[in-house]
Amino acid sequence: MNEKKLGLGSVVATGVGLVVASSCLLSLGIGAGSIGVPFIITMVIACMVNIFTLLSIAELNALMPNLTGGLAQFSLAGVGPFITIICMVGGYLLCNSLAGSVEGAVFGNTFSEMFGDNVPAWVFTTILVVILVITNLNGVDVFIKVQDFVAYALIGSLVIMGVLGTFGIGTGEVVTQPAVIASDFKSVTGLCGLAFFLFVGGEYVIPLTKNCKNAKRDIPLGMILSMIIILAMQTLMVIGFDHYTEWGELAESSTPHILYGRMLLGPTGRYWMLIITLLAAVSSVNTIMSSLSYILMGMSKIQLLPAFFQKTNKKGAPFIGILIEAAIFLFFNITGLSTTDSISYMISVLAILWLISYIVSNLDVIFLRRRLPNAPRNFKTPLGYTIPILGILGSAYMIYSIDPDMAVKLSLYKVVGIMIAILSLYAFFWIKFKVKKSLFKPYAIKEVMAMENELYAKYHKAGK
């Protein structure tokens, strides 16, 4: 693959691609409808916590550059294989496989409702997935071209809709309502777990590091710019919500962005928001399918998953991972699992696992700084250990505030505990009997980086 293919714009497009999804637009409407304009403060807090973690990830990437597995390889050197498997399989593969299925379902349901008459929603989802499989099998160059167009069309559309609402220049009727429903500390910070969904995933640019023109600058800057751009878009949308949609209707709507578009611009706004929904689905499913296939490849290289994930086609695309992800998306949609009422609950469960993986990433920075203080890093988070510690505390608080209902929260923790127990069994037997390594002993960085080369497995098996 050509190392000069990606500039800062493409990095930002990829960063925005996974983060801005239809499920995020739903979360935005629920959050704003619950407390009003103060939800902007909640978003700022969640955005800052995610930026702290992204800065830590940027330092890890500077210490161990050009690794396709990203956080998996960083954690292998930081905390060892056992915790790495739990965090990466639980926090990434399961979470994003389900997220991709949800986005595919939103796409299918929207098309079915608007144009399909009696055609099942999964038929439209299948068409989307097949098109994106073909796109991703043609390698990173085609992926980036599609991603650039879709992400920037999505950004532009949301900014325009937000500006129209913010300045009250839509064709719809401006509503009169209090801007603030609740502004106390508990109400504002209690929704941080919900706001987390609006910013998660910026680190998905990491597997593309080796394709960047200037990775030293573009990876950390691209991740941070992605977060700031998304925060700005969502801030405009919240202010627009205040001007054109009743808070109560917004909080109860299953498609708050469609409601906002209709109230802002009438039928034109409804169809415009429909296009935005489709762009969000294409962008997120495309990014998930591509990024996870490379992460699966990276985890295979470091012996945390079977070796067949390393196989690539003539275009250099890890086709087995792409096809498996596509199969998962289709399975959930064809069986109807991704359209059940329990899907938002399951996303909350898996988001907790994702947040745990963020905590581990911040711990990786602290551990590796202590063990290798003089190792070369072309990027290092400022203020000593302050940023990783803030990232840990912020992520922990978002786990605590994942749901305002204590009964629901405890049930979420119970499900997460069961999932961790299952993942722990897999990790124990895989590491002890397949890999034959210590569960908690971190790998040397030079070994992790050597594993990136396909010759490592060959000579390792030969005992050389």
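At what angle do the axes of helix α13 (residues 267–301) and α14 cross? They cross at roughly 130° and come within 8 Å. This is a predicted model: local features need pLDDT of at least 70, side-chain atom pairs count only at pLDDT 80 or more, and totals for chains, interfaces and linings use all residues. Residues are numbered from 1 along each chain as its sequence is written, and side-chain values use heavy atoms, with hydrogens and water left out.

**Helices around α14**

Two packed helices are described by the angle between their axes and the distance between the axes. Axes are lines fitted to C-alpha atoms, for helices over the stretch in contact, and angles run from 0 to 180 degrees between N-to-C directions. Helices are DSSP runs (H or I, at least four residues), numbered from the N terminus.

| Pair | Angle | Axis distance |
|---|---|---|
| α6 (residues 121–137) and α14 (residues 319–334) | about 175° | 10 Å |
| α13 (residues 267–301) and α14 | roughly 130° | within 8 Å |

The angle makes α13 oblique to α14. Angles under 35 degrees count as roughly parallel, over 145 as roughly antiparallel, 65 to 115 as roughly perpendicular and the rest as oblique. In α13, Val285, Ile288, Met289, Leu292, Ser293 and Leu296 meet Gly321, Ile322, Glu325, Ala326 and Phe329 of α14. Contact means heavy atoms within 4.5 Å. By class, this contact of α13 with α14 has eight nonpolar, two polar and one charged residues. Ala, Val, Leu, Ile, Met, Phe, Trp, Tyr, Cys and Pro count as nonpolar, Asp, Glu, Lys and Arg as charged, and the others, Gly among them, as polar.

Now α6. Helices α6 and α14 pack at about 175°, so they are roughly antiparallel to each other. The residues of α6 in this contact include Trp122, Val129 and Leu137, and those of α14 include Phe319, Leu323 and Ile334. The contact of α6 with α14 has eleven nonpolar, four polar and no charged residues.

**Buried parts**

Buried means under 20% relative accessible area (exposed is over 50%, partly exposed in between; 1.4 Å probe, protein chains only). Eight of the ten residues of helix α12 (residues 256–265) are buried, so α12 is largely enclosed by the rest of the structure. Among them are Pro256, His257 and Tyr260. Glycine 266 follows α12, with a positive phi near 70°.

Isoleucine 366 sits in helix α15 (residues 343–371). Its relative accessible area is 14%, so isoleucine 366 is buried. Beyond its neighbours within four places in sequence, isoleucine 366 contacts Tyr385, Pro388, Ile389 and Ile392.

Definitions and conventions:
Helices (H or I, at least four residues) and strands (E, at least two) are DSSP runs, numbered from the N terminus.
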